[in-house]
Amino acid sequence: ALPGAAVDVVARGSDAVALTTSQGSALGGFDGVLGGEAVNADVFTESFEGTAAVAARGGTATLFAYGYTGSGKSHTVLGYGEEEGMYALATQKVLDELDEFAAWRGGGGGGGGG
């Protein structure tokens with residue numbers, strides 16, 4: 001935010017919030033908020049699953065995590081222990097989409113597996 005600028009909610013829907021500063025600068029918005037019980041798979045489903053499917057069809061996608069040190073970016077993106085991260089989940093989604101496309105075309109699998 002800009003120094004000394006107050007932040008106001010300028011639009012609120014059931015699943016999105018738009019923000020602006022008192023000086024009129026748009027800050028962007030939030031697509032949603034997940035609770036403390038959410039796991040990486042929930043974050044993936046809510047934020048990136050559709051984008052990964054588009055990438056499998058030839059589109060482009062970027063998975064980027066931003067936040068304070070210690071806020072959980074690496075845990076979410078890379079995973080930890082048995083919990084897969086966003087990169088692994090996105091890779092599996094792309095491979096699954098390619099398998100579905102190959103099956104639709106009648107050409108067999110694309111190498112996804114599970």
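Across the chain, pLDDT averages 77, and 66% of the residues score at least 70. The lowest confidence in the chain falls in strand S1 (residues 7-12), where the mean is 52. At the other end of the scale is strand S5 (residues 83-84), which has the highest confidence, at 96. Where pLDDT is low, the predicted coordinates should not be read in detail.

Turning to the helices, H1 (residues 40-47) packs against H2 with the two axes 4 Å apart and an angle of about 65 degrees between them. On the H1 side of this contact are Phe-44, Thr-45 and Ser-47, which meet Glu-49, Thr-51 and Ala-52 of H2. Sorted by class, the residues joining H1 and H2 comprise two nonpolar, three polar and one charged.

Helix H2 (residues 49-56) also meets helix H4 (residues 86-105): their axes come within 8 Å and cross at roughly 50 degrees. That angle makes H2 oblique to H4, and the crossing is right-handed. From H2, the residues in contact are Glu-49, Ala-52, Ala-53 and Ala-56, while H4 contributes Ala-90, Lys-93, Val-94, Glu-97 and Leu-98. Six nonpolar and three charged residues make up this contact of H2 with H4, with no polar ones.

Terms used. Residues are numbered from 1 along each chain as its sequence is written. This is a predicted model: local features need pLDDT of at least 70, side-chain atom pairs count only at pLDDT 80 or more; totals for chains, interfaces and linings use all residues. Side-chain values use heavy atoms; hydrogens and water are left out. Axes are lines fitted to C-alpha atoms, for helices over the stretch in contact, and angles run from 0 to 180 degrees between N-to-C directions. Helices (H or I, at least four residues) and strands (E, at least two) are DSSP runs, numbered from the N terminus. Angles under 35 degrees count as roughly parallel, over 145 as roughly antiparallel, 65 to 115 as roughly perpendicular and the rest as oblique. A crossing is left-handed if the near helix is turned anticlockwise from the far one by less than a right angle, and right-handed if clockwise. Contact means heavy atoms within 4.5 Å. Ala, Val, Leu, Ile, Met, Phe, Trp, Tyr, Cys and Pro count as nonpolar, Asp, Glu, Lys and Arg as charged, and the others, Gly among them, as polar. pLDDT is the predictor's confidence in each residue, from 0 to 100.
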